[in-house]
Amino acid sequence: MNVVEDVDPMAQLQQGESELAFISYAGKLPDDFEVLSVGTDDLVAYIPARNPLSKQKELTLTDLKAEKFLTLNHQNPFAVFVQQVCAAAGFELYSVFEGEKGRTLVNMVALGMGITLLMEQSISENLDSKVVKVPIVSKVTQNLAFVRRKNVEHTAEQEELWQALKESFEK
């Protein structure tokens with residue numbers, strides 16, 4: 001079994017380059033996928049502790065419209081999602097840096113270089129003391145799921161793993 005981390009696991013599945021993916025998504029997935037839902041994740045803001053917004057218990061997206069953003073690469077599906085939710089809130093975010101990893105963006109927040117919007121569960125709870133995580137209201141939620149293609153032949157090992165995941169999460 002080969003385990004990889006990819007920016008766009010759905011593309012990997014659709015192109016037949018992988019058999020199983022763990023994804024975070026909003027909306028509906030194509031019908032040619034089996035989906036094993038395992039929960040949800042909420043969008044949060046990571047803000048430098050010295051920024052006055054870090055003192056808030058919660059923020060709206062429009063509270064952030066004047067901020068400098070640290071974002072994932074604009075071709076990343078999650079970066080596109082963040083741009084869309086900000087546009088729906090009435091503004092275009094101003095990105096001063098695009099990176100490949102959320103953890104790198106949070107480290108840059110600690111240096112006071114800007115703020116970032118990421119899904120809460122994508123970053124560990126062990127934050128630098130110079131970073132504050134603030135919930136966004138109204139909640140922006142994505143679904144978490146294991147996904148595989150329907151109507152393709154799966155090996156015995158792949159099928160065994162899928163069944164074990166189902167037993168684990170369908171309780």
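The side chain of H74 makes a polar contact with the side chain of E98, at 2.9 Å; a polar contact here is a pair of N or O atoms within 3.5 Å, one able to donate a hydrogen and the other to accept it, and residues adjacent in sequence count only if both atoms are side-chain atoms. This is a predicted model, in which local features need pLDDT of at least 70 and side-chain atom pairs count only at pLDDT 80 or more, while totals for chains, interfaces and linings use all residues. Residues are numbered from 1 along each chain as its sequence is written, and side-chain values use heavy atoms, without hydrogens and water.

H74 sits in the loop between strand 3 (68-72) and helix 2 (77-88). Helices (H or I, at least four residues) and strands (E, at least two) are DSSP runs, numbered from the N terminus. Leaving out residues up to four places away in sequence, H74 touches A79, V80, Q83 and E98, where contact means heavy atoms within 4.5 Å. With a relative accessible area of 42%, H74 is partly exposed; buried means under 20%, exposed over 50%, and partly exposed in between (1.4 Å probe, protein chains only).

V96 belongs to strand 4 and is also partly exposed, at 37% relative accessibility.

Helix 3 (residues 102-110) has as its buried residues G102, L105, V106, M108, V109 and A110. The cover over these buried residues includes strand 2 (33-48), strand 3, strand 4 (94-99), strand 5 (116-119) and strand 6 (131-135). After helix 3 comes G112, with a positive phi near 80°.
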